[in-house]
Amino acid sequence: PHVAGKGRPRGIGSTDQPNRLIQPQESSPCVDREEPLNSDDWTFRKPQRLLDLERKHDVSPADDEVKQQLTQELFSLAQHMLYCSPAPPNRKYPLAYCLYGRVPELDEDHKTSRESREMIESIYKSLEKTMPDCDCP
């Protein structure tokens, strides 16, 4: 077990919980939702709401309401992964990074998703870690 002040520092790639490098904003983004990462092997399972919205968007890409709902679902899921998921940092941060990256594809003015993605990049850089490949679900 990790003892504060001893051993390797907590950070991205560490499996120690909790990770204190990234703290939730004043209003917590943690909402009651099913954890999208399987706790046995930390593989990602797309939430049904995301699957449904992606299908709707594929059928009607010009539908602004569907586009807005999909944007919100992707952002909410990214927030959950970054701040609320019990998954190890080396599993949840790359997924959050990737999900934040999908948001501007739908809403190029979504400033918070860009800032969140930049924050993850800066943490990886400060820890001298290579950004993981972004294989976004």
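**Exercise 1.** Does glutamate 54 count as buried or exposed, and at what relative accessibility?

*Solution.* This is a predicted model, in which local features need pLDDT of at least 70 and side-chain atom pairs count only at pLDDT 80 or more, while totals for chains, interfaces and linings use all residues. Residues are numbered from 1 along each chain as its sequence is written, and side-chain values use heavy atoms, with hydrogens and water left out.

Step 1: take the cut-offs, which are under 20% relative accessible area for buried, over 50% for exposed and in between for partly exposed (1.4 Å probe, protein chains only).
Step 2: glutamate 54 has 11% relative accessibility and therefore counts as buried.
Step 3: list the contacts of glutamate 54 beyond its neighbours within four places in sequence, namely Lys46, Leu70 and Arg102, where contact means heavy atoms within 4.5 Å.

**Exercise 2.** State how many helices and strands the protein chain has, and in what pattern.

*Solution.* Step 1: the count is four helices and zero strands.
Step 1: along the sequence this reads α-α-α-α.
Step 2: of the 137 residues in the protein chain, 39% are buried.
Step 3: among contacts between residues at least 6 apart in sequence, 60% join residues at least 24 apart.

**Exercise 3.** Describe the packing of helix 1 against helix 2.

*Solution.* Step 1: two packed helices are described by the angle between their axes and the distance between the axes. Axes are lines fitted to C-alpha atoms, for helices over the stretch in contact, with angles from 0 to 180 degrees between N-to-C directions.
Step 1: helix 1 and helix 2 (residues 64–84) have axes 9 Å apart, at an angle of about 145°.
Step 2: the crossing is left-handed, a term for a near helix turned anticlockwise from the far one by less than a right angle (right-handed if clockwise).
Step 3: the residues of helix 1 in this contact include Leu50, Leu53 and Glu54, and those of helix 2 include Leu70, Leu74 and Leu77.
Step 4: by class, the contact of helix 1 with helix 2 has six nonpolar, two polar and five charged residues. Ala, Val, Leu, Ile, Met, Phe, Trp, Tyr, Cys and Pro count as nonpolar, Asp, Glu, Lys and Arg as charged, and the others, Gly among them, as polar.

**Exercise 4.** Describe helix 3 against helix 4 in the same way.

*Solution.* Step 1: the axes of helix 3 (residues 89–106) and helix 4 come within 8 Å and cross at roughly 145°.
Step 1: this crossing is left-handed.
Step 2: among the residues that meet are Tyr97 and Tyr100 in helix 3, and Arg117 and Ile120 in helix 4.
Step 3: the classes are 10 nonpolar, three polar and three charged residues.
Step 4: arginine 117 lies over the face of tyrosine 97, at 3.7 Å from the ring centre; the criterion is NZ of Lys or CZ of Arg within 6 Å of the ring centre and within 35 degrees of the ring normal.

**Exercise 5.** Which phi values do tryptophan 42 and glutamate 128 have?

*Solution.* Step 1: tryptophan 42, in the segment before helix 1, has a positive phi of about 60° although it is not a glycine.
Step 1: at 23% relative accessibility, tryptophan 42 is partly exposed.
Step 2: glutamate 128, in the segment after helix 4, has a positive phi near 55°.
Step 3: glutamate 128 is exposed, with a relative accessible area of 74%.

Note on methods
Helix = DSSP H or I, 4+ residues; strand = E, 2+ residues; numbered from the N terminus.
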